[in-house]
Amino acid sequence: SIGKHQEGLVPSRRLGNVRGAAGPPSPPGRRARPPAPGAGRLSGAAREELRRRLLGLIEGHRVVIFSKTYCPHSTRVKELFSSLGVDCNILELDQVDEGASVQEALSEITSQRTVPSVFVNRVHVGGCDHTFQAHQSGLLQQLLQQDPAYDYDLIVIGGGSGGLSCAQEAAVLGRKVMVLDFVVPSPRGTAWGLGGTCVNVGCIPKKLMHQAALLGQALTDSRKFGWEYSQQVRHSWATMTEAIQSHIGSLSWSHRLALREKAVTYVNSYGEFVEHHKVKATNEKGQEALYTAAKFVIATGERPRYLGIPGDREYCVTSDDLFSLPYCPGETLVVGASYVALECAGFLAGLGLEVTVMVRSVLLRGFDQEMAEKVGASMQQLGVRFLRKFVPVEVQQLERGLPGRLKVVAKSTEGTETIEGIYNTVLLAIGRDSCTKKLGLEKIGVNVSEKTGKIPVNDEEQTSVPYVYAVGDVLEGKPQLTPVAVQAGKLLARRLFGGRSEKCDYVNVPTVVFTPLEYGCCGYSEEKAGEVYQAENLNVYHTLFWPLEWTVAGRDNNTCYAKIICNKLDNDRVIGFHVLGPNAGEITQGFAAAMKCGLTKQLLDDTIGIHPTCGEVFTTLEITKASGLDITQKGC
């Protein structure tokens, strides 16, 4: 195949409906990827699909030339556009397997059976003679200079981290940009402002509540370091949430200010496609407006999933609600074993609440399971109770109130056993669903996974429709992390509007689970590394360690754990990095950069550690799992 970008399916439209609007220019002389493959004469369905793809190619580019490499008339036309300094997309019909089928479909659209066949801003100019006549009359220049028929160069649907990053970068590059963002209230009525999940109901409030819990532990430790205080120390949920929500409000306002400064139009409305290149925006009052754009980016993220059992939407809360809850949740049941579940359970326990975690199967699915179990064990040491192999089947309200009392009925996943429990709050953290169902994507032909609701894209975040892209948590098979969305959005804008070619690198993305004892990782889990490289080709170095700060405080000396997974067949290159300990996020970030640079075990050994720190343990790892040697610690 020829070309750089794969063109996607676009529903059939008459030529009269695709005239007069310009797509952004393409790199000089770029060859367009051929439309859908087929064999011999195409069936009716295949011919219609080919027609859709051709129209998508024409709609998505400023200049498209259907050509043949040996045709002198095609050569003259290409030379003309080159002399004018005009970027164009060229499809050489003699260089693609189904060139004859393409030419036949093209003739049905244009009534022209020969090449070259030239389109400028979606207007069919014609062949060689017509193109030169248009040039001599000035019509060609008018078409090339014609203002786009679209309202915007780019509309971003979703005002979270990825969408805002893309929108602002596109605006910096001189494009006219709109952001549509609307938060559908949770079943409990919770909504928030601009900034998406991370700012409002994710990373930011989560980390701040994690910090609140750590301060409680520090108060306990402080007595061993000589701090004396007689008054009873209590935690105020109201004071904490008020301060955190105030900070979130300032972040949301700063996002709005940044959009304004970059001349990005922000509309607090729900975006939904109604036809190609056109969206309907509906605000909270039900008022509707229509907008068009040459390009679109879907960045709508995800929302918490519910169980689908009696009482879940009526009485349970999710992470959408927890961080702005106007009352202390009291004794809490956390349903789920995701990182969201364990993080929330961890800081609630750290604030002095009774917390139970109900787990259907394993902790932290997708993460290294040895590390996941160590995370669970560390939480149990703090008093978190785990109910394994149970799932709720009903939630009943026993008493109204703030927080009130709820009865949860649960059944075993391994038998017929049923249990009941009484809690003040039930927090659901069983996963998240992509916000793609009510965007009208089916109206324009954007493929969406039936199983996951996520959007498959190519390596340039392009969907099955050429002018529609997607970033962030809605992507199929990509890390669901804020910094990933920010990077992908920024690089996407630079490729679309800045002539750049850099793509987002989704390999070796570091992350941290902010449980009371943090777990940081980068690269492969031990299980996945064994699948990919085979266990016999791996060296797994590990050790328990005792942070100096824990010694005087009298905290356990064999809870923190470090592990690296090395590929023997590649100079012992580090392909998996794992640490359970204080400030694991800060430690992991630095080693992630080293892994990008090809970190090996020898390079770690050659690195002089900073003493006394937790991170230095990775410069002195000696014991492999295969050796079976003892890794317990007895001193600093």
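**Contacts and backbone of the predicted model**

Let's start with one residue. Asparagine 508 is buried, at 19% relative accessible area. Buried means under 20%, exposed means over 50%, and partly exposed is in between, with a 1.4 Å probe and protein chains only. Asparagine 508 also has a positive phi, near 55°, in a residue other than glycine. Asparagine 508 sits in the loop between α15 (482-497) and β22 (511-513). Helices here are DSSP runs of H or I with at least four residues, strands are E runs of at least two, and numbering goes from the N terminus.

A word on the basis. This is a predicted model, where local features need pLDDT of at least 70, side-chain atom pairs count only at pLDDT 80 or more, and totals for chains, interfaces and linings use all residues. Residues are numbered from 1 along each chain as its sequence is written, and side-chain values use heavy atoms, with hydrogens and water left out.

Back to the backbone. Most residues other than glycine have a negative phi, and most peptide bonds are trans. Glutamine 534 has a positive phi too, near 75°. Glutamine 534 is in the loop between α16 (526-533) and β24 (538-545). At 40% relative accessibility, glutamine 534 is partly exposed.

Now cis bonds. Valine 115 and proline 116 are joined by a cis peptide bond, with omega about 0°. Proline 116 falls in the loop between α3 (99-110) and β4 (117-120). Histidine 611 to proline 612 is also cis, with omega near -5°. Proline 612 is in the segment after α19 (601-606).

Next, salt bridges. The search of the whole structure gives 25. The rule is a side-chain nitrogen of Lys or Arg within 4 Å of a carboxyl oxygen of Asp or Glu. Take arginine 494 and glutamate 169: their closest N and O atoms are 2.8 Å apart. This pair links distant parts of the chain, arginine 494 in helix α15 and glutamate 169 in helix α6 (residues 161-172), 325 residues apart. Glutamate 169 is buried, at 16%.

Then lysine 206 and glutamate 343. Their salt bridge has its closest N and O atoms 2.9 Å apart. Lysine 206 is in helix α8 and glutamate 343 in helix α12 (residues 339-350), so the pair ties together parts 137 residues apart in sequence. Lysine 206 is buried, at 9%, and glutamate 343 is buried, at 2%.

What does arginine 555 do? Arginine 555 forms a salt bridge with aspartate 221, with the closest N and O atoms 3.1 Å apart. Arginine 555 is in the loop between α17 (548-553) and β25 (560-567), aspartate 221 is in helix α8, and 334 residues separate them. Arginine 555 is partly exposed, at 25%; aspartate 221 is buried, at 13%. There is a network as well: salt bridges with shared partners join Asp368, Glu370, Glu526, Lys563 and Lys625.

Arginine 555 has another contact. It lies over the face of tryptophan 550, at 4.1 Å from the ring centre. The test is NZ of Lys or CZ of Arg within 6 Å of the ring centre and within 35 degrees of the ring normal. Arginine 223 lies over the face of tyrosine 229, at 4.0 Å from the ring centre.

On to aromatic pairs. How many does the search find? It finds 10 in the whole structure. One of them is phenylalanine 66 with phenylalanine 119, edge-to-face, 6.0 Å centre to centre and 80° between the planes. Phenylalanine 66 is in strand β2 (residues 63-67) and phenylalanine 119 in strand β4, 53 residues apart. Phenylalanine 66 is buried, at 0%, and phenylalanine 119 is buried, at 1%. Tyrosine 524 and tyrosine 533 have ring centres 5.6 Å apart and planes at 90°, so they are edge-to-face. The rule covers rings of Phe, Tyr and Trp (its six-membered ring) with centres within 6.5 Å; planes under 30 degrees apart are stacked, over 60 edge-to-face, the rest tilted. Ring pairs also link Phe273, Phe296 and Tyr467 into a cluster.

Last, cysteines. With a disulfide taken as two cysteine sulfur atoms within 2.5 Å, the count is 0. For cysteine 328, the nearest cysteine sulfur is that of cysteine 344, 14 Å away. Cysteine 328 is partly exposed, at 34%. For cysteine 344, the nearest cysteine sulfur is that of cysteine 203, 12 Å away. Cysteine 344 is buried, at 2%.
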